[in-house]
Amino acid sequence: MEHWGIFTNNQTNKKELVKKLENNAFSNIINLDGQKGKLFSQLALQKFMEEEEKHGTKSISTEFQALKTMSSGEQKKALLFQILDQDPDYIILDNPFDNLDVTFQKELRKLLTKHADRTLFIQLASRKADMLSMIHNFAEVRDGQLDILKEIALKQDKKQIHLSGEIPSPINQISFNGNTLISFKNVNVSYGEKHILKDIDWEVKSGEFWQLIGHNGTGKTTILSMITGDNPKAFGQEIYLFGKKKGSGESVWDIKQKIGYFSPSMTDKFRGRHSLENMLISGLLDSIGLYVKPTETQKRIIKNWLLLIHLWEKRNIQFNELSLGEQRLVMTVRAMVKHPPLLILDEPTSGMDDSAARILVNLVNKIAEETQTAILFVSHRKEPGLHPKKILELTKTEKGSLGSIHTFKK
Ligand SMILES: Nc1ncnc2c1ncn2[C@@H]1O[C@H](COP(=O)(O)OP(=O)(O)OP(=O)(O)O)[C@@H](O)[C@H]1O
């Protein structure tokens, strides 16, 4: 089989690329005429979830669990097994390793190798290190066309990108009682007979830099939702946020204004026509659009942030015209502009190419070094160059995931 690897970057329009491949628009390079194909991607999962919701069907959901309640890794596994079961002629693998833990990444490589002599793979990859070993033909997307690559360097490019200057100071410091932002005491979560979290004891203090890791389905998102949202599982448990017991009458607003939060799915909220500068200014005002005239101080702060991330020149460009990497960088800055006591970044680098991920990691390290904001970075990848000082690792057991804490000395 002549498998193909296609390098995409953050400017690539994936939907269009997939459509063109399926319509055999690149038949001079990859001929898929008359072949039955399947798409293994986040886009495909989204479609299945919408269909299941609309028509009450169960194309991927099992009798035990609905697709939408599965963790992101579990959803990808379920889609993979459904696709392999149908034995298609070809599979388009769109960043197949995103959202998968290290163990399942290995399993996925093995599974695909087993199918490699009867199924054609077209892998779309934004990270060079991800390319499957059975792929020996490579192309990249340029101006909507495929260009064959004669040679590729499969090693990661280690070039450093420097951010210019210091993290801009906040207008006001957001205060709260004490020095402990999050405190979990003996927290347990179960869905019926299924145990998710077991006796979690955990404290996050001002200025600490944490990474939350754990295999797929160990409960990372569950923990986040107990901090940021109204997960009913949080009530009645010993969870303290910013010095107050969760469920003791604190307002959602009170908690939200102390947390800066970014997860890639949020980028969809900003479909409107906002300039980059206004989008960041609106972050200072807790609104999506900009409805009041900004002050000179607000403008100056945002200018400094934009200079720091090298996007000042693009300040008047619409947010949705930026590359995916630039959008993520801007959303991270937006979550941070007010210097909230706690900054939560939920898989911020998923789907990003190497160089864009590196800038984001540099920015996060810099925030950790120069500010009093505590950071909680959730990611499957050991992100090269990220320097958390503490890790909370969730490990699955029959009785639910246990948490262990690792501390790094400077
Ligand atoms: N409503 C529900 N009913 C049954 N199980 C649920 C429900 N909601 C979540 N779960 C289960 O809880 C477990 C933890 O899910 P969670 O999303 O917190 O994991 P995660 O560590 O974030 O995983 P991933 O790395 O795959 O994103 C999963 O096994 C998931 O299937």
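The model is predicted. D87 sits in the loop that runs between helix 3 (72–85) and strand 3 (90–94). Its backbone deserves a look. D87 is not a glycine, yet its phi is positive, at about 50°.

E347 also has a positive phi, near 50°, and is likewise a residue other than glycine. Its place is the loop between strand 13 (342–346) and helix 10 (354–370). Is E347 buried or exposed? E347 is buried, because 20 other C-beta atoms lie within 10 Å, and 20 or more is the cut-off for that class.

F184 takes us into a strand. This residue belongs to strand 7 (residues 180–191). F184 has 24 other C-beta atoms within 10 Å, so it is buried. Which residues does F184 touch, leaving aside those up to four places away in sequence? They are I200, D201, W202 and I239. Q105 lies elsewhere. F184 and Q105 are 79 residues apart in sequence, and their C-alpha atoms are 31 Å apart in space.

Now take the chain as a whole. The domain assignment gives domain 1 (4–149) and domain 2 (180–407). Between the C-alpha centres of domain 1 and domain 2 there are 28 Å. The contact takes 16 residues from domain 1 and 14 residues from domain 2. On the side of domain 1 that touches domain 2, helix 3 and helix 4 (102–115) are the elements that give two or more residues. By class, that side of domain 1 has nine polar, five charged and two nonpolar residues.

How many residues surround the ligand? There are 18, and the closest are S71, G73, N216, G217 and T221. Both domains take part: domain 1 and domain 2 each give at least three residues to the shell around the ligand. Three elements each supply at least two residues of this shell, namely helix 3, strand 8 (194–205) and helix 5 (220–228). By class, the shell around the ligand has twelve polar, three charged and three nonpolar residues.

Terms used: Residues numbered from 1 in each chain as written. Predicted model: local features only at pLDDT ≥ 70, side-chain atom pairs only at ≥ 80, totals over all residues. Helix = DSSP H or I, 4+ residues; strand = E, 2+ residues; numbered from the N terminus. Buried ≥ 20, exposed ≤ 12 C-beta atoms within 10 Å, placed from the backbone. Near = placed C-beta within 6 Å. Nonpolar A, V, L, I, M, F, W, Y, C, P; charged D, E, K, R; others polar. Domains from an automatic or database assignment. Contact = placed C-beta atoms within 7 Å.
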